[in-house]
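Good morning, and thank you for joining.

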Amino acid sequence: MTSLQTAARLAFVGSLALAAATLPARAQETPRIATIDMVGTGMVSAAPDMAMITSGVVSDADTAAEALAANTEAMSAVIARIKEAGIEQRDIQTSGFSVQPRYRQVKSSAPEEYRSEVFGYRVSNNVGVRVRDLAKLGGLIDVMVRDGANQVGGVTFIVSEEGKLKDSARKEAMADAIRKAEIYAEAAGVKLGRVLSINEQDFGGPRPVMMMARAEMKMDGAPAPMEAGESSLEVRVNVTWELVQP
């Protein structure tokens, strides 16, 4: 055996010995930490103080130019009335505009076969209006319809101080998670240790608890009745603790 072969063999034997020496250390690795996950819920209620309403004009005509001209005239009148009702320019925003052909089915030369043909155009223009004074909401809908709006979307009521109000719900949610986690820990004969993670589940805004929005489009008489009701602001939090064995 050459000296080079001898050196290689000794190195291989040394590697085996080192690997064997590390096996007990790996077998004594830190055991997995016992944890508990809990979801807490907090909720506060608040009366909305603003609203968003979507309204607009749909115009049909033989040509796209004619439909656009008619829509522009009617929509200009609607926007003018919105401003006259006390809505500021910053609270009026175009939310949708489209020009589309209108199709109809006509019989083709072949029996039992039909084809589509364009017989006109439709222009739709919608605006989103933020109403900061809810007392104006019903009257605003009336004047928009009276002056040309033939498309009115849903009314969304808004709590302007949602962020601040949700802070109370966050505290309530955390307290709820702690309360439930302590019950489970006591039943299991362990104690809560350090907090490992806290994650909030965002619901994206207020959820209506009671909301009556009857848009009775009266051309004369009292404004359409609008009831804002009350909205709930909900927060859920997921908390993970380390469990301490006695």
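Let me begin with Ala173, which is buried at 0% relative accessibility; buried denotes under 20% relative accessible area, exposed over 50%, and partly exposed the range between, with a 1.4 Å probe and protein chains only. Please bear in mind that the model is predicted, that local features need pLDDT of at least 70 and side-chain atom pairs pLDDT 80 or more, while totals for chains, interfaces and linings use all residues. Residues are numbered from 1 along each chain as its sequence is written, and side-chain values use heavy atoms, with hydrogens and water left out.

Ala173 belongs to helix H4. Helices are DSSP runs of H or I with at least four residues, strands are runs of E with at least two, and both are numbered from the N terminus. Which residues does Ala173 touch, not counting those up to four places away in sequence? They are Gly40, Thr41, Gly42, Val235 and Val237, where contact means heavy atoms within 4.5 Å. Ala173 and Arg236 are 63 residues apart in sequence, yet their C-alpha atoms are 6.1 Å apart in space.

Asp176 also lies in H4, which comprises residues 162–188. Asp176 is buried, with a relative accessible area of 15%. Neighbours within four places in sequence aside, Asp176 is in contact with Val39, Gly40 and Thr41.

I turn now to helix H2, residues 64–84. H2 has 21 residues and reaches 30 Å from its first C-alpha to its last, close to the 30 Å expected at 1.5 Å a residue; the expected span is 1.5 Å times one less than the number of residues. Its buried residues are Ala67, Asn71, Met75, Val78 and Ile82. They lie on the same side of H2 because they cover an arc of only 55° around the axis, taken from the directions from the helix axis to the C-beta atoms. The face turned away from that buried side carries the exposed residues Ala65, Glu73 and Glu84.

What do the buried residues of H2 pack against? Their partners are strands S2 (50–61), S3 (92–107) and S4 (114–131), together with helix H3 (137–146).

Finally, the strands. S2 and S4 pair in the antiparallel sense over 11 bridges, pairing being assigned if DSSP finds at least two bridges between two strands. S3 and S4 are likewise antiparallel, over 15 bridges, and form a hairpin with 6 residues between them. In that turn, Glu112 has a positive phi of about 60°.
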